[in-house]
Amino acid sequence: MLPVVLKREVTGADADTALLDALGLNSTTGLELVLELEERLGLEISVEDLGRDDFTTVGSLAAYVAGNLLADA
């Protein structure tokens with residue numbers, strides 16, 4: 001989903017890759033990523049529940065989705 005949102009190829013990203021610093025995610029692309037996650041997973045993500053720490057790395061965002069959304073699905 002990152003290449004779709006960032007509109008460029010993303011190579012070498014892993015769980016420890018920083019979304020903001022390494023990939024250049026900003027508030028607009030962060031929202032786009034949330035919308036893309038909602039569409040692909042068929043789930044609704046509450047932006048109010050999603051904390052800044054959840055957007056630290058690829059792994060922290062994946063952990064939020066797995067722990068808070070997929071567990072409820």
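**Exercise 1.** Work out which residue forms a salt bridge with Glu32, and where the two partners sit.

*Solution.* Start with the atoms: in this predicted model, the closest N and O atoms of Glu32 and Lys7 are 3.6 Å apart. Next, check the cut-off: a salt bridge needs a Lys or Arg side-chain nitrogen within 4 Å of a carboxyl oxygen of Asp or Glu, so this pair counts. Now place the partners: Glu32 belongs to helix α2, while Lys7 lies in the loop between α1 and α2. They are 25 residues apart, so to speak, a link between distant parts of the chain. By this rule, the count comes to two salt bridges.

**Exercise 2.** Find how helices α2 and α3 are oriented and what kind of residues meet there.

*Solution.* First, take the angle: α2 (residues 27-41) and α3 (residues 58-70) pack at about 45°, their axes 13 Å apart. The two helices are therefore oblique to each other, and their crossing is right-handed. Then look at who meets whom: Leu33, Leu37 and Leu41 from α2 meet Leu61, Val65 and Leu70 from α3. Sort those contact residues and you get six nonpolar, no polar and no charged.

**Exercise 3.** Say where in the chain confidence is lowest and where it is highest.

*Solution.* Begin with the whole chain: pLDDT averages 89, and 96% of the residues score at least 70. Then go by element: α3 is lowest, with a mean of 87, and helix α1 (residues 2-6) is highest, at 93.

Conventions. Residues are numbered from 1 along each chain as its sequence is written. This is a predicted model: local features need pLDDT of at least 70, side-chain atom pairs count only at pLDDT 80 or more; totals for chains, interfaces and linings use all residues. Side-chain values use heavy atoms; hydrogens and water are left out. Axes are lines fitted to C-alpha atoms, for helices over the stretch in contact, and angles run from 0 to 180 degrees between N-to-C directions. Helices (H or I, at least four residues) and strands (E, at least two) are DSSP runs, numbered from the N terminus. Angles under 35 degrees count as roughly parallel, over 145 as roughly antiparallel, 65 to 115 as roughly perpendicular and the rest as oblique. A crossing is left-handed if the near helix is turned anticlockwise from the far one by less than a right angle, and right-handed if clockwise. Contact means heavy atoms within 4.5 Å. Ala, Val, Leu, Ile, Met, Phe, Trp, Tyr, Cys and Pro count as nonpolar, Asp, Glu, Lys and Arg as charged, and the others, Gly among them, as polar. pLDDT is the predictor's confidence in each residue, from 0 to 100.
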